[in-house]
Amino acid sequence: MIEMFKAGLILTGALFMFLAALGLVRLPDLLTRMHATTKAATLGASLIMLAVALHFGEVAVVARALGVILFIMMTAPVAAHVIGRAGYFVGAKLWHGTIKDELRPNYDPLTHELKSGLETDANAVHHPRESDPK
Amino acid sequence: MSTVILASLALMSLALCLAFVRLYRGPSLPDRVVALELFSSMIVGIIGVVAIATDVPSLLDVAIVMALMAFMAAIGFARFLERGGPRDD
């Protein structure tokens, strides 16, 4: 029973890794490629680590396998965010079929200034408080 | 069980080849960084499968170090890219 479960976990993990690589090759621009790789590869590595934990079944190994899963799950989104941000700043081209880029009108690449979209005259008025330093 | 391990290793090697295609072709530097990031995730998976195949649990430490190095490398590459400003490659 455990053998079959383990085999299923290993095969699904390998399949998800393959799908991630396929998406990396086939998709049109940087952000869609990252969308394919980060999630699918994280899930694939986590499934294989679960299979490792099932295979050995000792406390030390299971703890380490779960540690790997936790580490991957925590660092993959951070790394993806950082690379995507750098890619946007560097000027990676978006796919020609992109419908909406909400950062484009609100962000100034030279000064790194980001508008909130709420800049009206009423919002710009400064209201001093009692606690403000003189 | 050995057939499953062989099949999964073959699938992941094929995936490594596909990622290498993107690493070679990748129109811009961030694409290549994404391919390297995927490399490290797949190597973690391959190390896990090899640990099962050879019954050596210490290989998990290698996987931990691999994941850690990949994270550091991604952060470093992103800092390097951002400091360089807009580029056209």
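**View 1. Confidence along chain A of a predicted model.** Where pLDDT is low, the predicted coordinates should not be read in detail. Chain A averages a pLDDT of 88, and 97% of its residues score at least 70. This is a predicted model: local features need pLDDT of at least 70, side-chain atom pairs count only at pLDDT 80 or more, and totals for chains, interfaces and linings use all residues. Residues are numbered from 1 along each chain as its sequence is written, while chains are lettered from A and ligands numbered from 1 in the order in which they are written.

**View 2. Confidence in chain B and in the complex.** Chain B averages a pLDDT of 91, with 98% of the residues at 70 or above. Among its elements, helix 1 of chain B has the highest mean pLDDT (94) and helix 3 of chain B the lowest (91). For the complex, the predictor gives an ipTM of 0.90 and a pTM of 0.85.

**View 3. The annotated transmembrane regions.** In an unreviewed entry, UniProt marks residues 6-25, 37-56 and 62-83 of chain A as "transmembrane region". For chain B, the UniProt annotation (unreviewed entry) lists residues 35-53 and 60-81. UniProt positions are given in the numbering used here, feature names are shortened, and annotations may be inferred rather than shown by experiment. Residues 6-25 of chain A are 100% helix and 0% strand, with end C-alpha atoms 29 Å apart. Residues 62-83 of chain A are also 100% helix and 0% strand, and their end C-alpha atoms lie 31 Å apart. In chain B, residues 35-53 are 100% helix and 0% strand, with 27 Å between the end C-alpha atoms. Residues 60-81 of chain B are 100% helix and 0% strand, with 32 Å between the end C-alpha atoms.

**View 4. Where chain B meets chain A.** Here 42 residues of chain B are in contact with 46 residues of chain A. Contact means that the C-beta atoms of two residues, placed from the backbone, lie within 7 Å. On the chain B side, the elements that give two or more residues are helix 1 (2-25), helix 2 (29-54) and helix 3 (59-84) of chain B. Helix 2 of chain B gives the most, with 15 residues. By class, this side has 32 nonpolar, 5 polar and 5 charged residues. Ala, Val, Leu, Ile, Met, Phe, Trp, Tyr, Cys and Pro count as nonpolar, Asp, Glu, Lys and Arg as charged, and the others, Gly among them, as polar.

**View 5. Met17(A) in the largest nonpolar core.** Of the 62 residues in this core, Met17(A) and Ile83(A) touch the most other members. The elements that give two or more residues to it are helix 1, helix 2 and helix 3 of chain A, together with helix 1, helix 2 and helix 3 of chain B. Helix 2 of chain A provides the largest share, 14 residues. A nonpolar core is a set of buried Ala, Val, Leu, Ile, Met, Phe, Trp, Tyr and Cys residues joined through C-beta atoms within 7 Å. A residue is buried if 20 or more other C-beta atoms lie within 10 Å of its own, exposed if 12 or fewer, and partly exposed in between, with C-beta atoms placed from the backbone. Leaving aside neighbours within four places in sequence, Met17(A) is in contact with Ala41(A), Gly44(A), Met12(B), Ala15(B), Met42(B) and Gly45(B).

**View 6. Helix 2 of chain A and His55(A).** In helix 2 of chain A, 21 of the 27 residues are buried, so this helix is largely enclosed by the rest of the structure. His55(A) sits in this helix. His55(A) is buried, with 22 other C-beta atoms within 10 Å. Leaving aside neighbours within four places in sequence, His55(A) is in contact with Lys6(A) and Ile52(B). After the helix comes Gly57(A), whose phi is positive, near 65°.

**View 7. Asp55(B) in a loop.** Asp55(B) lies between helix 2 and helix 3 of chain B. With 9 C-beta neighbours inside 10 Å, Asp55(B) counts as exposed. Asp55(B) is not a glycine, yet has a positive phi of about 60°.

Conventions. Helices (H or I, at least four residues) and strands (E, at least two) are DSSP runs, numbered from the N terminus. pLDDT is the predictor's confidence in each residue, from 0 to 100.
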